[in-house]
Amino acid sequence: MILSDCLLTTLAGVFLALIITFIVYYKWSFTYWKNLDVPYVKPTIPLGNIVAPLKERVQFAVVLKHIYDELKRKKARHGGIYIFSSPVYMIIDLEYVKNVLRKDFKYFMDRGMYYNEKDDPISAHLFTLDGEKWKNVRVKLTPTFTSGKIKMMFQTLLDCEKNLHETIENLLTHNQPLDMKILLGCFLDVIGSCVFSRTWFEGLQYVKMGKFSLFLMYNLPETGENVKSKSCG
C-alpha cells in the first residue's frame, strides 16, 4: 500500500513537472517576436494563433486572413504569428513582399509547408520546397519569367481569360451549375497554352487525364508510378 502511494506520488510529480515544462517552453517560444521588436498577434497555448479551426469549421486561409486584417488595422508593415510554438513571419506591406521575393529571397527559403515528392509530386513546387531543393527550382524557373518573356505570354493569358469568361457565360445562359474546381482547373490550361501552345478546349482533356493519374497514384501507387514513367518517357 505504501509502495502504491509512493508510485502515485511519483507519477503525479512527473506529470506536474511535464506540464510545467510544457508551459514554460511555450511561454519562452512566445517571446520570439517580442524580443525582435516585431509586431505580433497574441498567441494562446497550445495552438498559437490557429485556434479558430478547432472551435469552428473555418479554413486555415480564412484564419490567416483574419490575422492579416488584425495586423493591418494596427498599421503594421509586417508581423509575427505562431503556429503552435513555431514563429511564422507574415508580411503586410507590398514593398516588403518585393524585397523578400526579389532581393532577400536567399534568407527566406524555407516555407514550412507540406510537400511529398515521392507520393505527391505535385505538392513539391516553388512555394513549398525548402533549402537547396528550393534554390535549384528557382534557378531553373528564373530565366522563364524575365520581363520580356512575361510580355510575350500576356496575350495568351488574355486569350485564356476570354475563353474562361465565355464558358462561364454560356453555362449561366443555359442555367447549368458551375463546377468552379473544374472551371479553374481548365483555366490552369494557361500554363499549357504558354508552354505547349495548347488551347482552352484541349485543356479539358488534360484536366481529365490529370484526375485519372492522381486517382491511380493515390489508390494504386504501383500502377500510378508506371503510368507516370511511361507518360514522362
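A charge sits over a ring if NZ of Lys or CZ of Arg is within 6 Å of the ring centre and within 35 degrees of the ring normal. In this predicted model, the charged end of R138 sits over the ring of F105, 3.6 Å from its centre. Residues are numbered from 1 along each chain as its sequence is written. Local features need pLDDT of at least 70, side-chain atom pairs count only at pLDDT 80 or more, and totals for chains, interfaces and linings use all residues, while side-chain values use heavy atoms, with hydrogens and water left out.

The mean pLDDT (the predictor's confidence in each residue, from 0 to 100) of the protein chain is 77, and 78% of its residues reach 70 or more.

Aromatic pairs were also examined. Rings of Phe, Tyr and Trp (its six-membered ring) pair if their centres lie within 6.5 Å; planes under 30 degrees apart count as stacked, over 60 as edge-to-face and the rest as tilted. The count comes to 9 aromatic pairs. One of these, between F22 and Y26, is tilted, at 4.8 Å centre to centre and with 50° between the planes. Relative accessible area (buried under 20%, exposed over 50%, partly exposed in between; 1.4 Å probe, protein chains only) is 8% for Y26, which is therefore buried, whereas F22, at 40%, counts as partly exposed. Y25 and W28 form a tilted pair as well, with 6.3 Å between centres and 40° between planes. W28 is exposed at 61%, and Y25 is partly exposed at 42%. Ring pairs link F22, Y25, Y26, W28, F30 and Y82 into a cluster.
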